Amino acid sequence: TQMAVKITASDNTVTYGTDFKAAMKAAENGTTVKLLADVSISGRTGISGDNTTVTLDLNGHKITSGWLDVGAKDTNGTYTNCTLKIIGKGSYEPPEFGGLITVFVKATLDLSEWEGGTISAINISDDSKYDETTREAAVIVGPKAGTM
């Protein structure tokens, strides 16, 4: 079986896996998930831990389908404050209506070190039930970004 991801935990422990979706769901604060091949997502995956930053290194590869969520509601119904940092060159290109990156309330998609490729769709959420100074979702784009 071809390994699809290299997972480096915050303590520098390295593991390899064949399931990108599972690697993202299991990622804790400080984890880097590096693509070793083009991958597709069956349904949805993403990160949601409060005060969590996870790095996704596209490493020249492409995500070809599925939804990638940044943030979610926790068990208390409160949105989590987390960041997905996408780095390296590569693309997120699901077919039309086949997926998008959703940045939920209080979450951040950091593309400041993304070096190019294509990101076909980003949805930025809002919810007026939350304080306006802390609810805003964010997308940060750097100078080497590709096409969005």
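Reader: Which residues does T31 touch, not counting residues up to four places away in sequence?
Author: This is a predicted model, where local features need pLDDT of at least 70, side-chain atom pairs count only at pLDDT 80 or more, and totals for chains, interfaces and linings use all residues. Residues are numbered from 1 along each chain as its sequence is written, and side-chain values use heavy atoms, with hydrogens and water left out. With contact meaning heavy atoms within 4.5 Å, and leaving out residues up to four places away in sequence, T31 touches I7, T8, A9, T53, V54 and T55.

Reader: Is T31 buried or exposed?
Author: T31 sits in the loop between α1 (20–26) and β3 (32–35); helices (H or I, at least four residues) and strands (E, at least two) are DSSP runs, numbered from the N terminus. Buried is under 20% relative accessible area, exposed over 50%, partly exposed in between (1.4 Å probe, protein chains only). T31 comes in at 6%, so T31 counts as buried.

Reader: Which strands stand at the edges of the open sheet of 4 strands?
Author: Strands pair if DSSP finds at least two bridges between them. The order is β4-β7-β10-β12, with parallel pairing. One side of each edge strand lacks a neighbour in the sheet because each has a single partner strand, and those edge strands are β4 (44–47) and β12 (122–124).

Reader: What is the bridge partner of V103 in β12?
Author: β10 (residues 101–103) pairs with β12 in the parallel sense, over 3 bridges. Within β12, V103 has as its bridge partner I124.
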